[in-house]
Amino acid sequence: GFGTSLQATKPRFVVGGRISSSDSKLHAEIRIIDSENTRIVGELSAEGERSEISGMVNRVVAGVLAELDLGKYSANRIDDGFSSNESASAKYLLARGFLQGDNRNAPLAQRLLKEAIKLDPRFTRAHAQIGGLASTLYEQSRDKKWLAEAVTFSERAYALDPALPEALHSLADVYRLSGRAN
């Protein structure tokens with residue numbers, strides 16, 4: 001299972017669900033819960049071939065956005081460092097959900113984060129998340145390509161918003177790994 005929310009503090013909506021697989025098929029079941037009244041405001045499911053996971057992810061993201069219809073909740077718009085581009089924010093949140101627990105979905109999460117940045121190049125949290133993910137992958141593999149990616153995205157996150165805790169953490173971690181901690 002996975003879960004994530006659409007705001008950094010006191011989330012209005014919680015998106016959770018389960019992804020299962022059998023042979024070459026994937027099946028996702030998603031619930032969207034309004035945290036103010038704990039009611040389920042939307043449910044959706046998606047099926048697809050394992051080889052076409054990107055298309056399935058896009059259908060799930062589009063379905064979640066359609067179910068939420070965020071315009072109805074103008075006082076609860078995505079903010080606090082999130083992108084004003086709802087598709088970019090949805091891809092970021094979905095990527096965070098895929099990273100819960102372990103990194104076996106790291107390639108998918110990384111692709112979603114990069115898609116979010118293409119939609120909103122100033123999306124600081126997405127830059128910081130890729131920087132942190134690349135740092136973790138570098139620590140596990142010692143492959144220099146991950147360290148280079150961690151440096152690039154972490155420095156960009158810090159340049160975009162030097163006060164954002166995620167940007168500071170990502171940059172500090174990458175500097176520690178590269179021996180530039182002082």
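What is the accessible surface of the protein chain, and what percentage of it belongs to carbon and sulfur atoms?

**View 1. Overview of the protein chain in the predicted model.** The accessible surface of the protein chain comes to about 9700 Å², and 48% of this surface belongs to carbon and sulfur atoms. Of the 182 residues, 45% count as buried. The secondary structure consists of 6 helices and 4 strands, in the order β-β-β-β-α-α-α-α-α-α from the N terminus. Among contacts with a separation of 6 or more, 49% are made by residues 24 or more positions apart.

**View 2. Helix α2, residues 86-98.** The 13 residues of α2 reach 18 Å from the first C-alpha to the last, close to the 18 Å expected at 1.5 Å a residue. At the start of the helix, a side-chain oxygen of Asn85 comes to within 3.0 Å of the backbone nitrogen of Ser87. Helix α2 is mostly covered, with 10 of its 13 residues buried; among them are Ala88, Leu93, Leu94 and Phe98.

**View 3. The aromatic pair of Tyr92 and Phe123.** The structure holds 1 aromatic pair. The ring centres of Tyr92 and Phe123 lie 5.2 Å apart and the planes meet at 50°, so the pair is tilted. Distant parts of the chain are linked by this pair, as Tyr92 belongs to helix α2 and Phe123 to the loop between α3 (106-119) and α4 (124-141), 31 residues apart. Tyr92 counts as buried because its relative accessibility is 2%, under the 20% limit. Phe123, at 1% relative accessibility, is likewise buried.

Note on methods
Residues are numbered from 1 along each chain as its sequence is written. This is a predicted model: local features need pLDDT of at least 70, side-chain atom pairs count only at pLDDT 80 or more; totals for chains, interfaces and linings use all residues. Side-chain values use heavy atoms; hydrogens and water are left out. Helices (H or I, at least four residues) and strands (E, at least two) are DSSP runs, numbered from the N terminus. The expected span of a helix is 1.5 Å times one less than its number of residues. Buried means under 20% relative accessible area, exposed over 50%, partly exposed in between (1.4 Å probe, protein chains only). A polar contact is a pair of N or O atoms within 3.5 Å; within protein, one must be able to donate a hydrogen and the other to accept it, and residues adjacent in sequence count only if both atoms are side-chain atoms. Contact means heavy atoms within 4.5 Å. Accessible areas come from the Shrake-Rupley method with a 1.4 Å probe; for residues, only the protein chains shown count as cover. Rings of Phe, Tyr and Trp (its six-membered ring) pair if their centres lie within 6.5 Å; planes under 30 degrees apart count as stacked, over 60 as edge-to-face and the rest as tilted.
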